[in-house]
Amino acid sequence: MSPSTLLATLRPVMLGRTARYLTAALCATVRILNPSPLSSSACSTSHTTTMPTAAPSSTPLHINLRPLALNHTPLPKLPPAPSPTPAPQWHTPDDGRRRANATLLMLARNSELDKAASSVRELEQKFNHEFKYPWVFLNEVPFSDAFKEQILELASGPVHFGIIPPHHWYQPDWIDEVKATQGRDEMVEEGIIYAGPSYRNMCRFNSGFFYKHPILQNYRWYWRVEPDVHFHCDVDEDPFIYMEDNDKHYGFTITLLEFEKTIKTLWDTTKEFITENPHFVAPNNSVGYLSEDGGDSYNMCHFWSNFEIADMDFWRGPAYSAYFDHLDAKGGFYYERWGDAPVHSIAAALFLRKDQIHFFDAIGYEHTPFTHCPHGKGVLRAKHCTCRGWRSFDYQAYSCMKQWERIHA
């Protein structure tokens with residue numbers, strides 16, 4: 001079967017209900033955690049329970065992205081590293097432990113010092129005091145001395161503080177500001193969280209630029225850590241070495257639905273890219289996790305990227321590089337609010353084989369309001385977990401764990 005036979009023109013399927021339900025769930029959580037007038041007004045019924053359905057395009061292009069058959073010309077294995085990533089000098093500690101070429105990565109502001117320190121303290125206690133991987137902290141402005149001093153006291157490995165280049169962070173000059181402002185204003189009126197321009201800068205940076213930062217050129221693997229997250233279990237096995245030894249390139253702990261109104265055209269833009277580049281679609285991919293109809297429509301499932309352990313050489317490779325450039329040229333990070341979570345998730349699901357993505361069930365993780373607690377028999381006791389299974393988000397209504405599990409059944 002030729003890859004061209006995968007292309008088809010079909011009627012689009014709109015999925016407004018999932019975003020509406022997720023908004024309601026998040027707002028209910030916000031009211032519990034922060035019962036202020038601001039949170040109540042932002043999540044009023046008029047904002048969260050009415051979701052008009054967009055009219056279908058007159059000539060929509062839909063692509064069947066079902067896993068490729070085995071009788072066509074084999075696709076190249078993805079992702080090959082474009083060139084070997086040099087190991088930094090610190091990778092010669094005198095303790096005899098094997099380490100991957102990896103770093104712990106945090107994007108933080110000076111004002112988030114207490115929250116950043118809390119995350120560092122917990123991950124050091126649960127994992128890094130044994131493994132002593134380096135930390136990299138990035139900010140669009142210089143870190144304060146107070147920030148540096150406190151982090152240096154907590155970290156067991158080397159620490160690097162970097163400034164994000166302005167052209168990697170700020171809105172490009174070619175973006176139509178009138179159109180971008182209109183998009184932001186519409187989201188504010190509809191009560192959609194994170195509607196401001198700074199969040200869009202962060203989403204675009206995390207989608208297409210963090211792995212290009214000069215400090216990160218020395219590394220292949222990263223574990224993304226955010227301020228004010230919690231690690232509930234001992235991590236006594238090296239997840240980087242596991243990924244390296246088992247041909248894994250992306251790892252997650254939580255999967256859930258995205259707000260449809262923030263990514264109205266992301267899937268159509270993705271299919272447009274696949275039409276032009278069908279050779280990037282991996283055989284035995286994870287489209288069954290992303291779609292209920294073989295790729296005609298997107299079900300809004302994504303990996304929550306505030307936790308991800310992944311291979312930067314995949315982001316640096318030809319498939320993702322071309323995909324991000326295609327998305328960026330459309331302006332959707334600013335005209336809508338395309339997030340790095342659905343962008344990373346779609347790319348990993350389509351350009352990697354499904355066995356190259358790993359669910360880290362044994363890592364207990366919390367980013368308010370959602371928690372993943374391990375389900376494996378005996379894990380909670382063996383890993384000294386402080387979470388309880390009933391708190392786990394995995395099988396709640398807005399989780400996509402069932403969609404992930406069905407493609408591995």
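Which cysteine does a disulfide join to cysteine 233? The partner is cysteine 385, with an S to S distance of 2.1 Å. The model is a predicted one, and the count of disulfides in it comes to 3.

**Cysteine 233 and cysteine 385**
- The link of cysteine 233 and cysteine 385 is right-handed, with 115° about the S-S bond.
- This pair links distant parts of the chain, 152 residues apart, since cysteine 233 sits in the loop between β7 (230–231) and α9 (239–245), while cysteine 385 sits in the loop between α16 (379–382) and α17 (401–406).
- Cysteine 233 and cysteine 385 are both buried.

**Cysteine 301 and cysteine 400**
- Another disulfide joins cysteine 301 to cysteine 400, with the sulfur atoms 2.1 Å from S to S, and this link is left-handed, with -85° about the S-S bond.
- Distant parts of the chain, 99 residues apart, are linked by this pair: cysteine 301 belongs to strand β10 (residues 301–303), and cysteine 400 belongs to the loop between α16 and α17.
- Cysteine 301 is buried, as is cysteine 400.

**Cysteine 373 and cysteine 387**
- Cysteine 373 is joined to cysteine 387 by a disulfide with an S to S distance of 2.1 Å, and this disulfide is right-handed because the torsion about its S-S bond is about 85°.
- Because cysteine 373 lies in the loop between β14 (370–372) and α16, and cysteine 387 in the loop between α16 and α17, the pair ties together parts that are 14 residues apart in sequence.
- Both cysteine 373 and cysteine 387 are buried.

**Cysteine 203**
- Cysteine 203 counts as buried because its relative accessibility is 1%, and buried means under 20%.

Definitions and conventions
Residues are numbered from 1 along each chain as its sequence is written. This is a predicted model: local features need pLDDT of at least 70, side-chain atom pairs count only at pLDDT 80 or more; totals for chains, interfaces and linings use all residues. Side-chain values use heavy atoms; hydrogens and water are left out. A disulfide is a pair of cysteine sulfur atoms within 2.5 Å. Helices (H or I, at least four residues) and strands (E, at least two) are DSSP runs, numbered from the N terminus. Buried means under 20% relative accessible area, exposed over 50%, partly exposed in between (1.4 Å probe, protein chains only).
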